[in-house]
Every structure is written in structure tokens, then in C-alpha cells.
Amino acid sequence: MRPDRDAILARYTFELDAFQIASLDALDAGRHVIVAAPTGSGKTVVAEYGVETALRDGRRAFYTAPIKALSNQKYRDLVAVHGDAQVGLLTGDNSINGEAPIVVMTTEVLRNMIYGGRDLLDLAVVVLDEVHFLQDAYRGPVWEEVIIHLPRHVRLVCLSATVSNAQELADWIETVRGPTSAIVESRRPVRLDNLYFVADRTNDRLRMLPTVVDGRPNPEAARLDASGVRPGRGRNHERGLHGGGQRKLATPGRLEVVEVLRDRGLLPTIFFIFSRAQCDEAARNCAASGVRFTDEGERERIREILGRRLDGLLNADLDVLGYQQFAVQLEAGVAAHHAGMVPPFKEVVEACFIEGLIKVVFATETLAVGVNMPARSVVIEKLTKFTGEHHEALSPGQYTQLTGRAGRRGIDELGSAVVLWSPFVRFEQVADLALSRSFHLRSAFRPTYNMAANLVLTYDAQTARQLLSLSFAQFQSDRDVVRIERRLQRQRERLVGLDEEATSPFGDIADYRSAMDGVSGQRGRDDPTEMAMSGLRPGSVIHVSKGKYHGPVAVVATAHRKGGLKLTTITPSGHAVQLVADDFPVPPQQIGSVVLPGTYSPNRKDYRAEVGRRVRSAKLAPRPPDPGRRTGGPRPGAGVHPVEFDPDLKARLRAAAQADRLRREIVELEAKVLHRNASLAREFDGVLAVLSQRGHVDLNRWCLTERGEMLARVFHESDLLIAESIRLGLLDGIDAPTMAGLVSSFVYEHRSPEDPPAPWFSSPDAFDRWKRIERLSVELRVLEAQNGLSEHRPPEPTFYSVAYAWVAGEGFAEVVADEELTGGDFVRTVKQLIDVLGQIGNVAPDPSTRSTARRAADAAFRGVVADSSAIEPS
């Protein structure tokens, strides 16, 4: 334990729980820590302790969060403790004091720092908040990139919701980075009461029943649910409770639910509805019904918060955003909260709710992962949600996340999670969710174009592939392969040291050992030819002379047989050649290398043909001289070999023998890796193939081209499409509004099930450029399909008119007035647009294009967009 632990913890007014103390002990022991605990249990105490220890040791700490709202909140929290000078913030919106000892940032910012080669020697601790985000399909890989690529001296503090495989995650991090402790706390800080709410219209009764009784599904609730009429069922399909007609059960109305919660003392509540429009409607109807949950003093405070936070917005903008209705609802003590609202409105709701001024918030699930807003109860209207394509049931993890908001530590002894009856969901499903403890974390890691470009830029081919094998996805697919790769890394490092020990200043040890081997007349495990063969890896190209064939071959496999090592090789014409030591007059030397196709199938003609093609196109060194096989003793006329004068000859020979054994082990380990699950490797090969065909990577030399170096600095899901559009000049020679309009097609995604409106373009030239971007996207998608990759999301031109008008200087009210676009969607899309424009302003080869992109970004950052990026004081 650190001697200053008590001083660090002195600011906390509560006694730490056992899991928090265990976490601090692990940190003090120099270990990485994963803390998996329910929402509101105090995980951040561990993070704050790690930050404080780094600060006291004169080093830096980074605190990362998955979303900007969390980053902003944590920035305010840390400033309140350490002061403005000690804390910085780096997100897509803000850059404040970035060289401070403590910096809060989004996870992507840290990933970009690592790939950008930033000096992180003084960095001691990185907090990865909400680390379970690594299962997110798009953003999840960023967490794994950070964990894998951070310098080894940096300790990790990973905070997670309660997951059932926290130990597996810890095992992976320990394999990749070193000693790691998984600290799991399953007990909630406030006990949770799961309730099932049914409207029985047979007798006009509202019934709220426990979901679980004595650790099992409540039989009374199960019987009640079974007695109800369900859509699509005959009248006599099921018998009722009393053997007569079936009950008319219904989902309780929203106002009914709110009134029952008020009467039972279960306010404040977060009422989850998985629809933005329905959240708005619920808040509007609730306020219109005349319910009022505030007194005059609370309403006055609400008006103060409204004035302070929304003072920077124009009256016309507030009108478009529905300010009057918003304020009426707030003063009644109700509000909506969802991604369609502009950030300042959401921040007002959060501030009022935290202060206890509003009692009912109708929210989408985005509130479950965000700022700290605990409630006395939560209501889940439906256990299914529409994804944009289909309806899917909530997972146990999602249910846990939503109900984690129920119960305020230090205020409530009991939190309540209320699920409403639905004709489409059986009570058994509700009870299963309430009883489930399964929240299994699955990696979503996949190689992207930008990731591949940075791997090629930073590492050799072997190391790049090894790093892919170190991913959590690969670890879960085959836990052994990660351990094998780590052993390979250690053994390769050992081999370098042994080779140095075996090097003699008096002469060539390998030549001496070869001569001695010739004297003995035996070919054993230490034979120099066998040694050289064992040093070859799949993809190595050597020169051979066997039978009528004389020329280069690519090694595709090695195998140990009783008679010694055997190589399977492929000639440029696609024929297989088996080689043993006796086929080489001298030890073989590598003259080049090729990247092998992802699927190992040397018996297939198409596989051999592809390897042959790669050999033909490879850049190879000149053929090594052939001095002929030496079969006698020491070289004629040489007398004593020069190395015999080396006083450390015995030690060098011993090191050389150990190096030989290590080479053989490395070959065996590489063979194991080669034959393990190769899905990631195949996908990586597919990504590399696309990049090679588009001229971003030279696979034979394993290096980036000039255009590939630009791609390595483009961070976006449409990274290759953006880089190719820049390279082909599709963004050159245009003004800032036109550039903004075209670039918006990379970031905007039409999510409505309705068809998007016909796009508008500012000129025939702009339309022509868009069509070329569209054709380019089709070309890339064809390549992706040919290489077995998922096709990228095609560009979407619907936002062109909005982006053009906004950057041209039109006001927010004018821009969105006639558009089917919420204020929140507008702000979010423009922020994403600004981010991509900023990247183009840094990477475009043409100076004029860079300048235009920067002007467009600057012009877009104004009004409601700039106000939505402001950091409010705590």
C-alpha cells in the first residue's frame, strides 16, 4: 500500500467498499485493473485514485470516455478537485490545456495520438471508462487498438458494467500487457425491486406485481399474464384464471404509470421509450394533462438554469427548437431526453434532474450510457426496440444497463425497475431478464483500412500480423494463439541476444560449425543447412536447384520429419516442390518475401497459382553465389580456423546451439499459429489486397505509398473512400460550401425507414463530382466483395443542401425549417462534418484544398453548433 493512500482518500466522506479497496491494492502493487461493478457503485473512486497517484509521482494520467458528454462531465469533475491548470480536455469539439498533467479525452483521440507517434514516456496511467464499449461494432476496435499499442510502462484502469466474463478480459490484458487483476462487484449499491405493471381492463384495475418472489418468477404474475387475450389468438386458445372468459389485459397508459409512481413515492423516474418522437409526445401529453410536480421555488430555479445555459442561442433558433413547449414541460417537472435534441437542451434536462427539479424524464436508451442521472425508479415500456431494420429483444446486458439507473446511493434504500405488460412479450421473458446475470462481452475487433495502413507504416509484416493475433477477438476465438504469439515475441527477442552472443570477432562461427559438421560426416540438428531452413518462415523466397528447376520458390510450410526438416515451396509457375537439407549444396539464404493468401491450401491449384503470381511480381535480391558443398574438414590450406583463437569460443558455440534450438521452436510455434483460426488474418489479407490494388500499399516492400501515408491519417468509417476522393481530386478547385456539401455524403446516414428526399446540388459541377464519388464507392465495394470483406456504407447526398447552406452562412432556423431534421441530428452531423473537414485540411496534397477545407470547418463551427460544444462549469 502506498504510504500516502490515506491522504489521497481523505476527500471522500464515505467508507470504501471491499471491491474498491481490493482495486486500490492491485494498483499499488503495479498491476493493471479491471473494475466491473453496477452503475452507481463507485467505480470512479478507483479511477480517481489512479489519476491522483500519477500526479503525486510527477507523471501524467489520461482519462478516456466513449462519448463526449461523459468526457465533458469527467473534465468538470476533475477540475473541481485539481483546478483548471492541472486538467485538460481533448475531444472532437474541444481542445483545452492538452499538455496538462491530467487530460480527459475520447478513446479515439488517444488512439490517434498513439498512431501519430506522440511521446508518452511521462504517461503513467490511462483510465478506460465504459470499457465494455469494445463490443460496439463500429467503435469497439478502438479500445483494443489502445490496449495493444500503448507503451508497456503505462498502467490501465478499466471501468466496466457488470459483465460475466470480466476474468476473461483480464486474462487477455494480462497476456498482452502484464499482470492484471479483475475486481468484480455484483452487488448493487442500492437494492433493486423488479416490478411488473399490468392494466386489467376487465375490471379496470392497475396491478403492479413483483417480478421475482423468493428468487423465482412470480407465479401470480405468470398466471395473470397467461389469462390475457393476445393478438392473433382464438377466443378459446387459453383459459382464464377462473376457467371462464379471458381477461382484457393492456399496457398501462403513460400518464397512468406516472400517477401510480407518484402515489407510491417512486419519483423521480426515468421512463424509457425507444422512440424519440414518442418521448416528445409523452412529455407533451404529460404536461398538457395538468400534472405538476414542482413548486414555485423549483420553477424559479428551472428558469435560472434555462437562462444560463440557453442564453447564447438566438431567439429564432430557440423557436425552431420548440423552446416554449420545452420550458412549459420543464416547469411542470417533466422532460424528454434523446439524441434528437440539441446538446444545450439535453444539458438543461440533466442539470434539472440531478438537482431534483424535474421528476419524470421520458428518454431513449442513450440516457443509460451517459452522464450520471440516477433516479428512484425506472420504467421500461417495451422489452423490444426497432433497430431501423427489424425489432429485437433487449439483451440481459441492455436490461442491466437501463435498470442500473434505479436507486440513488445515499438517498434510496430501494430502487424500482418497472416493466409494462405487453401482448408481444411473455411474462417468462420479463422474469428471465430480471433474473439473468449474463452479460457476456464479445469483441467486435476487425481490421480497417486506416488500421492496416498504420500497421504497415509502423511495423514489419510479421509484427503487424502478430499484433492482430493479440486482439481480444483472436483471444476469444483461440485463447492459446495469443499466448503463443507472446512466447514467439519473447523467443525472437531471446534469439537476437543469442545470435549476438554467438558472434565472434575472430571469424564466422557458422562457417566454423559447418566445417566441424563436415569433419564429423553427420547431418544433425545443429547442421547449418537445417539451421538455415528452420530460420525460414512462410512467405520467405529462396533460390533452389532441384531436378530441372533452377530459380526462386516461396516457402509455404515447414515440417519436421525423422530425416530432418522438410520445406513445402511453390514455384513462380504454381508448382509445388518439396525440399530437404540434402537438396541444398549450401545453407539457403532468403532473397525476398511475399505475403501468402489468407487460407492455407497448398493442395489447391488456385492457391498455388496465386502464390506463384506473387513470387513473379516480388522484388528479389540477386541469387547468392554457389561455392559448392564442402564435405571435408577445415578449409584446404587454412590450417587452424581463425575462431579457434577466440578465448570465448566454448560460450559462443553453446549460444549458437541454443539459438538453433530456439529457431526450431520458433518454427514450431509459427506453424501452430498458422493453422489456428485465421479469420482475422484472412480479413487483414483482404484489406491489404484492396489497399494494394488501389496503390496505397506496396506489399512486396511492405511499405506505404504516398497515398497510403495520407490514408494513415484519415480516421473515419469511410476512410478509404475519403482518401481516394482526395487523391482523385474530387474535392479540388471548389468553394467551401460545395466542399462541405460533398464531404457531408461521407458522414450523413439516412436512418428513417422512409426513402430519403431527392438530393439538391448547388451546380452541375457539384452534381458531377458527387456522381464520381458514387461511382468510386461502387468500385471499392466491388473490390471488397471480391476480397471477402464487408462492403462499406455507401455515401449519402441527402445532407448536401443543409451543409452547403450552413457553411454559406444561412441561419439555423432557415436551414432546418423545411427539412425533416431534428436539431440534435443537425448538430451531430455538422460536428462529424467539421471533424472530417479538419482531417482533409491536414492531409490533402493540394494546398488550396487544405485551405478550403479549413475555411469550411471554421464556417460550420458557429451558432447552435458552437454553443453545443461549450463546456458548462460544474
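**Note on the predicted model**

1. Overall make-up. The secondary structure of this protein comes to 34 helices and 27 strands. The model is predicted. Along its principal axes, the C-alpha trace spans about 110 × 70 × 65 Å.

2. Burial and contacts overall. The protein has 874 residues, and buried residues make up 55% of them. Now take the contacts with a separation of 6 or more. Residues 24 or more positions apart account for 73% of these.

3. Helices H2 and H3. Helix H2 covers residues 18-28 and helix H3 covers residues 43-56. They pack at an angle of about 25 degrees, and their axes are 9 Å apart. H2 and H3 are therefore roughly parallel to each other, because angles under 35 degrees count that way. Their crossing is right-handed. From H2, the contact uses Gln20, Ser23, Leu24, Leu27 and Asp28. From H3, it uses Val45, Val46, Tyr49 and Gly50. By type, the residues of this contact divide into 5 nonpolar, 3 polar and 1 charged.

4. A general point on spacing. An α-helix has 3.6 residues a turn, so residues three or four places apart point the same way. Keep that in mind when you look at the helix contacts in the model.

5. Helices H13 and H14. Helix H13 spans residues 323-332, and helix H14 spans residues 343-354. Their packing angle is about 10 degrees, with the axes 12 Å apart. That angle makes H13 roughly parallel to H14. Which residues of H13 and H14 meet? Tyr323, Phe326 and Leu330 come from H13, while Phe345, Val348 and Val349 come from H14. The residues of this contact divide into 6 nonpolar, no polar and no charged.

6. Aromatic pairs. The count comes to 17 aromatic pairs. One of them is formed by Trp172 and Phe472. This pair is tilted, with 35 degrees between the planes and 5.1 Å centre to centre. It links distant parts of the chain. Trp172 is in helix H7 (residues 166-177) and Phe472 is in helix H19 (residues 472-477), 300 residues apart.

7. Pro179. This residue lies in the loop between H7 and strand E8 (180-184). Pro179 is partly exposed, because its relative accessible area is 46%. Pro179 and Arg31 are 148 residues apart along the chain. Their C-alpha atoms are separated by 5.3 Å. Leaving aside neighbours within four places in sequence, Pro179 is in contact with Arg31, His32 and Glu174.

8. Helix H17. Why is helix H17 (residues 449-458) described as largely enclosed by the rest of the structure? The reason is that 8 of its 10 residues are buried. The buried residues in H17 are Tyr449, Asn450, Met451, Ala452, Ala453, Asn454, Leu455 and Val456.

9. Val419. Find Val419 in strand E20 (residues 414-420). It is buried, with a relative accessible area of 1%. Not counting residues up to four places away in sequence, Val419 touches Leu195, Tyr196, Phe197, Ile380, Leu383, Tyr399 and Val430. Val419 and Leu224 are 195 residues apart along the chain, and their C-alpha atoms are separated by 15 Å.

10. Trp421. This residue sits in the loop between E20 and helix H16 (427-435). How buried is Trp421 in terms of relative accessible area? The value is 2%, so Trp421 is buried. Which residues does Trp421 touch, not counting residues up to four places away in sequence? They are Tyr196, Phe197, Val198, Asp225, Val229, Arg230, Leu249, Ala250, Thr251 and Pro252. Ala250 is 171 residues from Trp421 along the chain. The C-alpha atoms of Trp421 and Ala250 are separated by 6.8 Å.

11. Val419 and Trp421 together. Tyr196 and Phe197 are among the residues that Val419 touches. Tyr196 and Phe197 are also among those that Trp421 touches.

Methods. Residues are numbered from 1 along each chain as its sequence is written. This is a predicted model: local features need pLDDT of at least 70, side-chain atom pairs count only at pLDDT 80 or more; totals for chains, interfaces and linings use all residues. Side-chain values use heavy atoms; hydrogens and water are left out. Axes are lines fitted to C-alpha atoms, for helices over the stretch in contact, and angles run from 0 to 180 degrees between N-to-C directions. Helices (H or I, at least four residues) and strands (E, at least two) are DSSP runs, numbered from the N terminus. Angles under 35 degrees count as roughly parallel, over 145 as roughly antiparallel, 65 to 115 as roughly perpendicular and the rest as oblique. Contact means heavy atoms within 4.5 Å. Ala, Val, Leu, Ile, Met, Phe, Trp, Tyr, Cys and Pro count as nonpolar, Asp, Glu, Lys and Arg as charged, and the others, Gly among them, as polar. A crossing is left-handed if the near helix is turned anticlockwise from the far one by less than a right angle, and right-handed if clockwise. Rings of Phe, Tyr and Trp (its six-membered ring) pair if their centres lie within 6.5 Å; planes under 30 degrees apart count as stacked, over 60 as edge-to-face and the rest as tilted. Buried means under 20% relative accessible area, exposed over 50%, partly exposed in between (1.4 Å probe, protein chains only).
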